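Please look through the sequence and the model below before reading on. The paragraphs that follow lead from single residues to helix packing and to the relation between the chains.

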Number of protein chains: 2
Amino acid sequence: MASTYYLGTFIQSRSQTNLEIVKHGTIHVSDGIIRSIHRVGEDYSESDSLLPPSQLLRMLGYDITEPLTIWEIPENHFLFPGLIDTHIHASQYPNLGLFGKTTLLEWLNKYTYPLESSLTDPVRAKRVYTQCVNRSLQNGTTTAAYYATQSARSTNILTDVLINLGQRGFVGRCAMDSDLQPESYRDESPKAAVHDTKVCVAYCKEADKSGRVRGIITPRFAPSCSRDALRGLGRLLADGEKDGLLCQTHISENKREVALVKGLFPECSSYAEVYDTYNLLTPRTVLAHGVHLTEEEVELIKSKGSGVSHCPTSNMALGSGNMWVRRLLDKGVKVGLGTDVSGGHDVNVLEAARMACFASRSVAEGGKGERSKISVEEALWLATRGGAEVLGLKGKVGGLEVGMVWDAILVGLNGVPFNLCGEGDVNGAPNGIHHGGKGAKIGGKVDIFGWENWEEKVAKWLYSGDDRNIRAVWVGGKLVCRKM
Amino acid sequence: MASTYYLGTFIQSRSQTNLEIVKHGTIHVSDGIIRSIHRVGEDYSESDSLLPPSQLLRMLGYDITEPLTIWEIPENHFLFPGLIDTHIHASQYPNLGLFGKTTLLEWLNKYTYPLESSLTDPVRAKRVYTQCVNRSLQNGTTTAAYYATQSARSTNILTDVLINLGQRGFVGRCAMDSDLQPESYRDESPKAAVHDTKVCVAYCKEADKSGRVRGIITPRFAPSCSRDALRGLGRLLADGEKDGLLCQTHISENKREVALVKGLFPECSSYAEVYDTYNLLTPRTVLAHGVHLTEEEVELIKSKGSGVSHCPTSNMALGSGNMWVRRLLDKGVKVGLGTDVSGGHDVNVLEAARMACFASRSVAEGGKGERSKISVEEALWLATRGGAEVLGLKGKVGGLEVGMVWDAILVGLNGVPFNLCGEGDVNGAPNGIHHGGKGAKIGGKVDIFGWENWEEKVAKWLYSGDDRNIRAVWVGGKLVCRKM
């Protein structure tokens, strides 16, 4: 297979608190897998890093007579593991920013169900899903766990879009047969809820033999499912163990929702116990939100090995409350980040990462103490390694290590020129600022003045980065988005 | 004078809760002033709005034989009053995103003072201020109340930059003579604190005869000033009454800061009383933050007619707490929005507006009740009319009314094409998404599918808009930024 060599700066989380910054390194990828990594200071010297690429590669023992591609990473650019979105509703994408003053339960009825049910129109579904997945890729998300809609047909369209656009992902049909759901938008029976779930999982398996796009069992949330549906989905999940089949759902997002579940399932002592009762709390389960989990529930989730998708942007927008992430991390519960489009108003995982920092500060301020604060390093760990663990992809994606798949992004920051003239020019861009006209720079909001160290550049990226800073995206070694 | 006519959709706040959406209107501007406004449905019919512009203008009685310019507003675009940033530290711009886990008082010492004091280098100051003001304009801010640094010379460079770039603004030199400030970065005496403030105010008056750029008295915050400095600045403020001279400072941002002020000014019963004691609490005073104000302080501020700059982004980032905006609005205290760069991590007033919505939801959730929630309409009112009131510019900017100055922005949203192909193309942009390469669309994040009403389009803009959606900016009738 042809080889690709990446030469320059790369950055990744080594552990929850350790962000590795390699100012110069080489990464060799072939067949979509990272074959070797060399680091300046360890494998070669600073002065070697100035050698022409082919000379450096030869020095490191690579056979560069084979067909190869070389990417030299420019100044103020770095490679980073692809971002991982552990919770996103592709079907709600057109509703970004629309929630008025509602909280969860009204929001579902007022904004969400009408839009989702309209996606039985396949033309509309394809347009919405394409735009959503494209935007997600543009923001550097290489793996996403999607909710589609209740309709199997519409859900399979999302699968097609993912396969075509090249993102790694999980596609979930929302199982929802309870009579709390609108009559016009629900599964007609528990049997149908389970059957249609099976159909969608099978569709993925058939349509994408590579396993990059996979089905995921998706009971929407406890109140939307009958006991029989939950039982059937639990069986399906058990049956899928050998294939590593995952399950995703919502938990304890909002206080009124928690009360509702208590009323609907009086035989269970907690929301988490509802899922456990029906064998849906497993190491292959992704629980979105978990804002109001009790100590007992956290213990239960930990003991079952399930993961939590933290969705701070959405929690803020819907006034759900701030999740105490530190508690979960301290207990060793797996945690990743979710954009939760369109409860969350941004498809960008980086926005979720910064909101995780902000939310953790509110938690600290609210009495849980300084330790509750999430650092830049931790936020980026959550956005990559944490997400990979939650989605059962630990060791495969989320980092830059030999043997891992090349799911990566190239991040570029904007160097502020020295010759700013300080005078207005309405038509041009005399000072390097993105004016957006012809020949405009890609720009983005992150301004590097030149005196920042790499830790500071990374913090600036976390807090001000947007899709413009994602200059290239690779999934499984394939370049799926390029802006330079 | 030459006339300009704007034909198409315009939107503005009429009151705190009433957002006016005129699907088709005409606005006539000459000499930088709005001369007349016509609205479809009131002054002409829907079918008239389809007439060629010159015919419609003639029909409305305009003399279009004079030299004139016509702007036809394209689909999914609208005119809006320029955004108003009531609190921004231009000198801290390069530190956007850098705050680690600090809260206010450590943040000042660790990040802020070292950067600010480095701006005594005039080359560096010009580069930083130019980039900051440019970015602010690119984000649609037509008026901003700036803090520069302690250095008068460096502060005057910001004045020059503002004059050249065409933004309306207030430039404040930070008066800071207390020995709590670092020895290397403070005024050498109360006398110097007052003198240098005078120098900077006079510099503006001399350099910009139009009054677009004005000096503003800026005691940094109570702990950074001696009693004598506060007294002297209070006198200066009284002397400036005839010129409408303003004063800006910080108040009750952080609990430890409040405790510090209590310790430093034991003779005053509250933080607000410190400023009142020195005659700094006036109708021309802008108080940033006010997160932890007591009922008595709110009453005092109201009775003195001072305004509050609400800076929710910064409050979230520095873990200062969430301000209860509804209380201030209910009492009739003037409130506007501030980005508070670099406590806030974004120079975009729209980001402050959406964070105001989010913060208000936390306040509601925290026990202050549903009414505490700020709506889309209110957030946009705060970003325009509210800010104008706080900065003493009511009736001049912040709205689109006859007699007001033409400080306005053209907002453009992205129409999602119908022919999305759903297939990846790494080099092109087959689906209308901004790829950033040659000929790339300006794009932005706001996707309009075509079924949204105008209220929804505005909500989408509020929650997902960034600088890319600001397609043109006018200040005092002059086009100062154009991206189409």
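Helices and strands are here DSSP runs, a helix (H or I) having at least four residues and a strand (E) at least two, and they are numbered from the N terminus. In these terms, and in a model that is predicted, B:D177 belongs to the loop that runs between β8 (168-172) and α5 (190-207) of chain B. A separation of another kind is found between B:D177 and B:L51, which are 126 residues apart in sequence and whose C-alpha atoms are 64 Å apart in space.

A:V349 is found in helix α12 (residues 349-368) of chain A, and its relative accessible area of 1% makes A:V349 buried. Residues up to four places away in sequence not being counted, A:V349 touches A:L83, A:I84, A:D85, A:T141, A:L337, A:T339 and A:A383. The C-alpha atom of A:V349 is separated by 15 Å from that of A:D407, a residue 58 places apart from A:V349 along the chain. A:E377, by contrast, is found in helix α13 (residues 376-390) of chain A and counts as partly exposed, at 27% relative accessibility. Residues up to four places away in sequence again left out, A:E377 touches A:S13, A:Q16, A:T17 and A:L19. Of these, A:S13 is 364 residues apart from A:E377 in sequence, while the two C-alpha atoms are 7.3 Å apart in space.

The backbone deserves a separate look. Most residues other than glycine have a negative phi, and most peptide bonds are trans. B:D31, another residue other than glycine, has a positive phi near 60°. B:D31 lies in the loop between β2 (19-30) and β3 (33-39) of chain B and is exposed, with a relative accessible area of 52%.

The cysteines raise a further point. How many disulfides are there over all chains? The count comes to zero, where a disulfide is taken as a pair of cysteine sulfur atoms within 2.5 Å. For A:C204, the closest cysteine sulfur is that of A:C200, at 7.3 Å, and this is too far for a bond; A:C204 itself counts as buried, at 1% relative accessibility. B:C247 is also in no disulfide, because the nearest cysteine sulfur, that of B:C225, is 9.6 Å away and a disulfide needs the two sulfur atoms within 2.5 Å. B:C247 is buried, with a relative accessible area of 0%.

Helix packing comes next. Two packed helices are described by the angle between their axes and the distance between the axes. In chain B, the axes of helix α2 (residues 104-118) and helix α7 (residues 255-264) come within 7 Å and cross at roughly 90°, so that α2(B) and α7(B) are roughly perpendicular to each other. The contact is made by B:L104, B:L105 and B:E106 on the side of α2(B), and by B:R256, B:E257 and B:L260 on the side of α7(B). By class, the residues of this contact divide into three nonpolar and three charged, with no polar residue.

Last comes the relation between the chains. The same surface serves both copies, as 100% of the contact residues of chain B recur in chain A.

Terms used:
Residues numbered from 1 in each chain as written. Chains lettered and ligands numbered in written order. Predicted model: local features only at pLDDT ≥ 70, side-chain atom pairs only at ≥ 80, totals over all residues. Heavy atoms only, no water. Axes fitted to C-alpha atoms, helices over the stretch in contact; angles between N-to-C directions. Parallel < 35°, antiparallel > 145°, perpendicular 65-115°, else oblique. Contact = heavy atoms within 4.5 Å. Nonpolar A, V, L, I, M, F, W, Y, C, P; charged D, E, K, R; others polar. Buried < 20%, exposed > 50% of the residue type's maximum accessible area, 1.4 Å probe, protein only.
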